[in-house]
Amino acid sequence: MSASNCCHTILGGLTESLAVALGERDQHTRQHSDRVVALSVELGRHCDFSGSELDSLMLGARFHDVGKIGIPDRVLQKPAPFDAEEWVTMKQHPVIGERILLAIGNKEAIEAAGIVRHHHEHFDGSGYPDGLAGSAIPVFARIISLADSYDAIAVARPYHHSRSHRQIMDILHSEVGLKHDPDLLHAFCAVIEKSDRRAPEA
């Protein structure tokens, strides 16, 4: 086995271990991440990304919430909206996730770490952790933000009910230019209408 193939094998084993660890910590987050991967890759293919670019996007999407491993149960499992202090705690998960991926040390994991760090940045600069805006936000992070938002709104949680596809899209459109990249949202609209992950209508 070549050194390159060996590195890919090791990375694959590490990422699978991380995925299992995330599922053991919080099965909802693991399942959500799987759905975000599928939506992100569909949008990436629509945008004509190369195979290697899709691999990077997939890795970032798969582990966008891995930092929740480091969030206390009292926050992560809370069946109600967060108070101000709990939000501060929850907002640490992209930074924790970045540290986890950086610790792998592999080139692909290091690239994914930046995507993970920035998936909660907003197009208008109001997001976290760094307040990046527009094209300063990595494009893969902007894609994951859209997929993440769609799935989070679609699936019922103890503190909110599930919403129909039309309701979700109305929310995403209300956030265009604020939270979401207008061009990517336009592309996402075309993708989601044909996707198996499209939420049902009411």
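**Notebook: helix pairs and a few side chains**

H8 and H9 are oblique to each other. I started there, working from a predicted model. I looked up the angle: the axes of helix H8 (residues 139-154) and helix H9 (residues 165-174) cross at roughly 135° and come within 10 Å. The cut-off for roughly antiparallel is over 145 degrees, so at roughly 135° this pair counts as oblique. I also noted the hand of the crossing, which is right-handed. On the H8 side, I listed Leu146, Ser149, Tyr150, Ile153 and Ala154 as the residues making the contact. On the H9 side, I have His165, Ile168, Met169, Ile171 and Leu172. I sorted the residues of the H8 contact with H9 into eight nonpolar, two polar and no charged.

**Next entry: H2 against H3**

How do H2 and H3 run relative to each other, roughly parallel or roughly antiparallel? I found them roughly antiparallel, because their angle of about 155° is past the cut-off of 145. The axes of H2 and helix H3 (residues 51-62) are 8 Å apart. The H2 crossing past H3 is right-handed. From H2 I wrote down Arg30, Ser33, Val36, Val37, Ser40, Val41, Gly44 and Arg45. Their partners in H3 are Leu54, Leu57, Met58, Ala61 and Arg62. Here I count seven nonpolar, three polar and three charged residues in the contact of H2 with H3.

I checked the loop between H2 and H3 too, and that is where aspartate 48 sits. Its phi is positive, about 65°, although aspartate 48 is not a glycine. Buried or exposed? With a relative accessible area of 66%, aspartate 48 is exposed, since the cut-off for exposed is over 50%.

**Next entry: H3 against H7**

The crossing of H3 past H7 is right-handed. I have Ser56, Leu59 and Gly60 of H3 meeting Glu108, Ala109, Glu111, Ala112, Ile115 and Val116 of H7. The residues of this contact divide into five nonpolar, two polar and two charged.

What caps the N-terminal end of H7? Asparagine 106 does, with a side-chain oxygen 2.8 Å from the backbone nitrogen of glutamate 108.

Further along, I looked at the loop between H7 and H8, where proline 129 lies. The peptide bond joining tyrosine 128 to proline 129 is cis, with omega about 10°.

**Next entry: two side chains on H2**

I went back to H2 (residues 27-46) and picked glutamate 42. Glutamate 42 has 19% relative accessibility and counts as buried, because the cut-off for buried is under 20%. What does the glutamate 42 side chain make a polar contact with? I found the side chain of serine 195, at 2.9 Å. A second polar contact, of 3.2 Å, joins glutamate 42 to the side chain of arginine 197. Leaving out residues up to four places away in sequence, I have glutamate 42 touching Val191, Ser195 and Arg197.

Arginine 35 is also in H2. At 26% relative accessibility, I put arginine 35 down as partly exposed. The arginine 35 side chain joins that of aspartate 151 in a polar contact of 2.6 Å. Outside its sequence neighbours up to four places away, arginine 35 touches Asp151 and Val155. I also noted that arginine 35 and alanine 61 are 26 residues apart in sequence, with C-alpha atoms 9.2 Å apart in space.

**Last entry: histidine 64**

Where is histidine 64 found? I located it in the loop between H3 and helix H4 (73-76). Histidine 64 has 0% relative accessibility and counts as buried. A polar atom of the histidine 64 side chain lies 2.6 Å from the backbone oxygen of alanine 61. Alanine 61 is also one of the H3 residues that meet H2.

I then listed what histidine 64 touches, again not counting residues up to four places away in sequence: His32, Ser33, Val36, His93, Val116, His119, Ile144 and Asp148.

Methods. Residues numbered from 1 in each chain as written. Predicted model: local features only at pLDDT ≥ 70, side-chain atom pairs only at ≥ 80, totals over all residues. Heavy atoms only, no water. Helix = DSSP H or I, 4+ residues; strand = E, 2+ residues; numbered from the N terminus. Buried < 20%, exposed > 50% of the residue type's maximum accessible area, 1.4 Å probe, protein only. Polar contact = N/O pair within 3.5 Å; in protein donor to acceptor, adjacent residues only side chain to side chain. Contact = heavy atoms within 4.5 Å. Axes fitted to C-alpha atoms, helices over the stretch in contact; angles between N-to-C directions. Parallel < 35°, antiparallel > 145°, perpendicular 65-115°, else oblique. Left-handed = near helix turned anticlockwise from the far one by under 90°. Nonpolar A, V, L, I, M, F, W, Y, C, P; charged D, E, K, R; others polar.
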